[in-house]
Amino acid sequence: MKFKYEDAAFKTLSSATLKALSQQIKDDIDAYCVKEFTDEHRTHLGASIIGHDCHRYIWYAFRWVKYQVFSGRMLRLFNRGSLEEQRFIKWLRGIGCQVWEVDPNTNEQFHIWGVQGHYGGSLDSGGKLPYFPDLPMLFEYKTHNTKSFSNLVNKGSIKLAKYDHYSQMSSYGKHYGFKYGMYIATNKNDDDLYIEIVELDWNLAHDLMNKAQDIILSPFPPPRISDQPSYYECKWCPFQGICHYQEPVEINCRSCKFCEPVANKEWKCHKFNAIIPQDFLVKGCDQHISIIN
């Protein structure tokens with residue numbers, strides 16, 4: 001959009017131009033954020049969603065049946081979590097904690113992998129508290145809006161308020177041998193903090209790995225959490241149209257019934273009996289048949 005001075009000689013802007021200019025800047029920032037922060041489909045099934053109640057939701061996400069499009073505002077919100085991480089680390093170091101941003105044994109980011117490389121995730125960090133300097137533990141950082149934060153505080157337990165977060169932590173903890181984890185969360189609206197030291201459940205982590213394997217290797221959609229589209233978890237699910245109303249799936253290799261996950265994070269096409277190149281997975285071909293059919 002081109003803007004003009006109301007009076008070019010004095011470089012005067014009209015009230016209408018000031019208002020339009022303000023809106024234009026907001027629109028441009030939104031467009032920039034969409035371009036800057038939009039990611040492609042996640043290539044693996046993340047430990048961050050394995051605790052979700054609906055197996056079919058997890059399977060849909062893994063099979064790339066629909067790409068979720070987010071606004072610039074929502075993408076800024078998502079990015080807020082990664083920006084907060086350094087604040088958490090600074091505070092913890094400020095009170096005498098050791099914080100490992102990478103695995104001290106490998107000097108690389110903390111990662112877990114499983115199910116032939118198709119399941120995994122990345123830890124925020126590990127470390128030690130000054131109160132128990134001989135006890136390594138997992139550190140997990142999260143941001144919440146006021147409603148979510150209040151629910152967490154009122155319930156006083158991430159197991160009750162954010163079971164998916166507890167599941168994620170337990171999965172990481174089992175892999176790295178952390179018996180305990182520190183969950184530190186902030187309210188994005190007022191910077192209040194919630195901190196909870198929890199004992200991690202390695203048996204749960206084992207069950208979640210089996211759950212991931214069943215979902216990853218399933219050639220068919222697992223059962224829904226509900227057959228009623230008005231059910232509260234279905235009502236807000238991004239896959240509701242596909243799951244309940246026969247909306248067509250996105251065309252790519254992973255949403256095709258000929259495609260199968262195999263070893264080394266790769267995918268095999270049984271139509272052409274070949275390993276699919278990574279850059280072709282997102283494209284699909286004219287032989288595509290929906291995996292949901």
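Reader: Which residues of α6 are buried, and what makes a residue count as buried?

Author: In this predicted model, the buried residues of α6 are H165, Y166, S167, Q168, M169, S170, S171, Y172 and G173. Buried means under 20% relative accessible area, so each of these residues falls under that cut-off.

Reader: What span is expected for helix α6, and what does the helix reach?

Author: Helix α6 covers residues 163-176, which is 14 residues. At 1.5 Å a residue the expected value is 20 Å, and the helix reaches 20 Å from its first C-alpha to its last, close to that expectation. After α6 comes G177, with a positive phi near 75 degrees.

Reader: Why is Y5 called partly exposed?

Author: Y5 has 45% relative accessibility. Y5 sits in the segment before α1 (15-37).

Reader: Which residues make the nonpolar surface patch that includes Y5?

Author: The patch is made by M1, F3, Y5, L13, L18, L21, I25 and I29, and has an area of about 750 Å².

Reader: Why is K268 partly exposed rather than buried?

Author: The relative accessible area of K268 is 25%. Buried would require under 20%, so K268 counts as partly exposed. K268 is in strand β10 (residues 267-269).

Reader: How do you know that the side chains of K268 and N273 make a polar contact?

Author: Their side chains are joined at 3.3 Å, and the cut-off for a pair of N or O atoms is 3.5 Å. Leaving aside neighbours within four places in sequence, K268 is in contact with residues including N273, F258 and I276.

Notes: Residues numbered from 1 in each chain as written. Predicted model: local features only at pLDDT ≥ 70, side-chain atom pairs only at ≥ 80, totals over all residues. Heavy atoms only, no water. Helix = DSSP H or I, 4+ residues; strand = E, 2+ residues; numbered from the N terminus. Expected span 1.5 Å × (residues − 1). Buried < 20%, exposed > 50% of the residue type's maximum accessible area, 1.4 Å probe, protein only. Patch = residues over 30% accessible without salt bridge, like charges linked within 9 Å, V, L, I, M, F, W, Y side chains within 5 Å. Areas by Shrake-Rupley, 256 points an atom, 1.4 Å probe, with all protein chains shown as cover. Salt bridge = Lys/Arg side-chain N within 4 Å of Asp/Glu carboxyl O. Contact = heavy atoms within 4.5 Å. Polar contact = N/O pair within 3.5 Å; in protein donor to acceptor, adjacent residues only side chain to side chain.
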